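Please look at the sequence and the structure shown here. The report below describes some of the features that can be found in them.

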Amino acid sequence: MKHKKILFHADDYGRSKEISKNILKCLKYGHLNSVSVIINREESYHLKLKKIKNINLRLHLNLTELKNSNTIHQKNIQNLSFFKLLFLNSFKKKKVINEINFQIKKFIKLYQPKNLKIDGHEHVHMIPWIFNYLIKQKKKYNIKQLRNSNEFLMKPQFKDLINLRYFRNFLACIVVKLLYHYNKKISLNSPQFSGILYSGMQNLYTIKKTMNFFKNKKIKNCEILIHPGKSNLKEKLEFKNDYFNFYNSKKRKTEYNLCFSKEVKKELF
């Protein structure tokens, strides 16, 4: 079975200069054909991305890394996390909604998309009150797609079961699945997603495993998330320590190389 539409997708474009530069190379010269954009005030990142044709483009709604991102124009919503957002009080919810509107409007102004596609940094768009707000704004902002982060759970291999990162990702998958089933059952118009389970640890083995899974399920429209946007020590002060360790991980170099792998190309096309 041949896949008609496979999105080989990177999140986090716009998060920093180095991250954006590496993702841009993957889009221009590699197999990457889809990207999600974090909105910030550094518009040179966006001007470079706009020159690339025939890629799938989405807004990467960022609500958890606002402190150092230069997008802050609101007080009281720095240092939010996924779980803090989940249980936010009504006062801060209003602040977050203002931030959501700010990012949507700026994305539309910069990229002028025919229709708006959205996903969330750390999948915050799946949090029920955020999800419901975005659904209510579908007509206003011409939102045509929200990422469906309800990922299939593939059978683990032994190497997965001895990997702490895998268990962390597995729990994240379960949380997102619960939120998906809690949210309204409406069409999100999005391809079948895969990327939480092996987030931060994608390699040739996990890509092949995912593609074989999709083929066996006869899924023709799918999205595989990778993180090829590696940072460096010069940018350390732009991140909290935990985030920097993730962005500067050696495994990000592995994911960057996947975008130029002949074996991955065979799987995708």
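## The sheet

In strand 7, Glu223 is the bridge partner of Phe193. Strand 7 covers residues 221-226, runs parallel to strand 6 and is joined to strand 6 by three bridges. Helix 9 (residues 204-216) packs on the sheet and touches strand 1, strand 6 and strand 7; contact means heavy atoms within 4.5 Å. The direction of helix 9 makes about 165 degrees with that of strand 7. Axes are lines fitted to C-alpha atoms, for helices over the stretch in contact, and angles run from 0 to 180 degrees between N-to-C directions.

The model is predicted: local features need pLDDT of at least 70, side-chain atom pairs count only at pLDDT 80 or more, and totals for chains, interfaces and linings use all residues. Residues are numbered from 1 along each chain as its sequence is written, and side-chain values use heavy atoms, with hydrogens and water left out.

The open sheet is formed by seven strands in the order 5-4-3-2-1-7-6, with parallel pairing. Strand 5 (143-146) and strand 6 (192-194) are the edge strands, and each pairs on one side only. On average, neighbouring strands of this sheet are turned by 30 degrees against each other, direction ignored. Two strands pair if DSSP finds at least two bridges between them. Helices (H or I, at least four residues) and strands (E, at least two) are DSSP runs, numbered from the N terminus.

## Helix 1 and its neighbours

Helix 1 (residues 17-29) lies across strand 1 (5-13) and strand 2 (34-37), and runs at about 160 degrees to strand 1. Helix 1 also packs with helix 2 (residues 43-50), at an angle of about 0 degrees and with the axes 11 Å apart. The two helices, helix 1 and helix 2, are therefore roughly parallel to each other; angles under 35 degrees count as roughly parallel, over 145 as roughly antiparallel, 65 to 115 as roughly perpendicular and the rest as oblique.

Where they meet, Lys17, Ser20, Leu24 and Leu27 come from helix 1, and Tyr45, Lys48 and Leu49 from helix 2. By class, this contact of helix 1 with helix 2 has four nonpolar, one polar and two charged residues. Ala, Val, Leu, Ile, Met, Phe, Trp, Tyr, Cys and Pro count as nonpolar, Asp, Glu, Lys and Arg as charged, and the others, Gly among them, as polar.

## Buried residues

Asp12 is found in strand 1. Is Asp12 buried or exposed? Asp12 counts as buried, because its relative accessibility is 2%; buried means under 20% relative accessible area, exposed over 50%, partly exposed in between (1.4 Å probe, protein chains only). Leaving aside residues up to four places away in sequence, Asp12 touches several residues, including His60, His121, His227 and Arg252.

In helix 5 (residues 128-136), seven of the nine residues are buried, so helix 5 is largely enclosed by the rest of the structure. Among them are Trp129, Phe131 and Tyr133.

## Aromatic pairs

The whole structure has ten aromatic pairs. Rings of Phe, Tyr and Trp (its six-membered ring) pair if their centres lie within 6.5 Å; planes under 30 degrees apart count as stacked, over 60 as edge-to-face and the rest as tilted. The rings of Phe107 and Tyr111 are tilted, because their planes are at 35 degrees, and their centres are 5.0 Å apart. Phe107 and Tyr111 are both buried.

Phe152 and Phe213 also form a tilted pair, because their planes are at 55 degrees, with centres 5.6 Å apart. This pair links distant parts of the chain: Phe152 is in the loop between strand 5 and helix 7 (158-161), and Phe213 is in helix 9, 61 residues apart.
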